[in-house]
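Here is my notebook from a first look around this structure. Have the picture open and follow along with me.

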Amino acid sequence: MRRFGAGRALWRQLVLGLLLAAAGDLALLGLTASGTWWRALPGLFVAGVGSGVLNAALARLAVESVPADHVAMGSGASNTARYVGSALGLALVVSIASGGLRLGDPADVAVGAGAVLAVLGAAVAATQRRRQPLPG
């Protein structure tokens, strides 16, 4: 992954990872419990690649966006945000998938919500590309 990220702007890597995750989620729409695992494989593969690209970018961003003497703080903030985001995201998906929101097939709504949030995250990441790193 080091070569893939080398020479590319972090915002591009973030956008790519989020869009791949959204594409993987969208490929899972319409998947039912009676479907085969072959049907799920392409979506899971694309989402997994997107997650790998995204995680590599987030780790780099956590240490590059803070002054050199605060790298540990940047890493800690990144890890805390990941845990809180994972907990909130899991609670949202379980709430939707369990029928807490009656908007259609709960699994499709949960997967669709993940795709929408990933696209929104990509849009936010794309707008941040011109920010300069903090001095340090």
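In which helix do glutamate 64 and arginine 60 both lie, and how many residues apart? I found both in helix H3 (residues 37-64), four residues apart, about one turn of the helix. Helices here are DSSP runs of H or I, at least four residues, numbered from the N terminus.

Before going on, I noted that this is a predicted model, where local features need pLDDT of at least 70, side-chain atom pairs count only at pLDDT 80 or more, and totals for chains, interfaces and linings use all residues. Residues are numbered from 1 along each chain as its sequence is written, and side-chain values use heavy atoms, leaving out hydrogens and water.

**Salt bridge.** I looked up the pairing and found one salt bridge in the structure. The side chains of arginine 60 and glutamate 64 meet there at 3.4 Å, N to O; the cut-off is a Lys or Arg side-chain nitrogen within 4 Å of a carboxyl oxygen of Asp or Glu. Side chains of opposite charge can pair when their charged atoms come close.

I checked how open the two partners are. Glutamate 64 counts as partly exposed because its relative accessibility is 42%, and arginine 60 is partly exposed at 28%. Buried means under 20% relative accessible area, exposed over 50%, and partly exposed in between (1.4 Å probe, protein chains only).

**Helix H2.** I turned to residues 10-27, where H2 has 18 residues. Its buried residues include Leu10, Leu14, Gly17 and Asp25.

**Leucine 92.** My last stop was leucine 92, in helix H4 (residues 71-97). Leucine 92 counts as partly exposed because its relative accessibility is 37%.

Notes: Helices (H or I, at least four residues) and strands (E, at least two) are DSSP runs, numbered from the N terminus. The expected span of a helix is 1.5 Å times one less than its number of residues.
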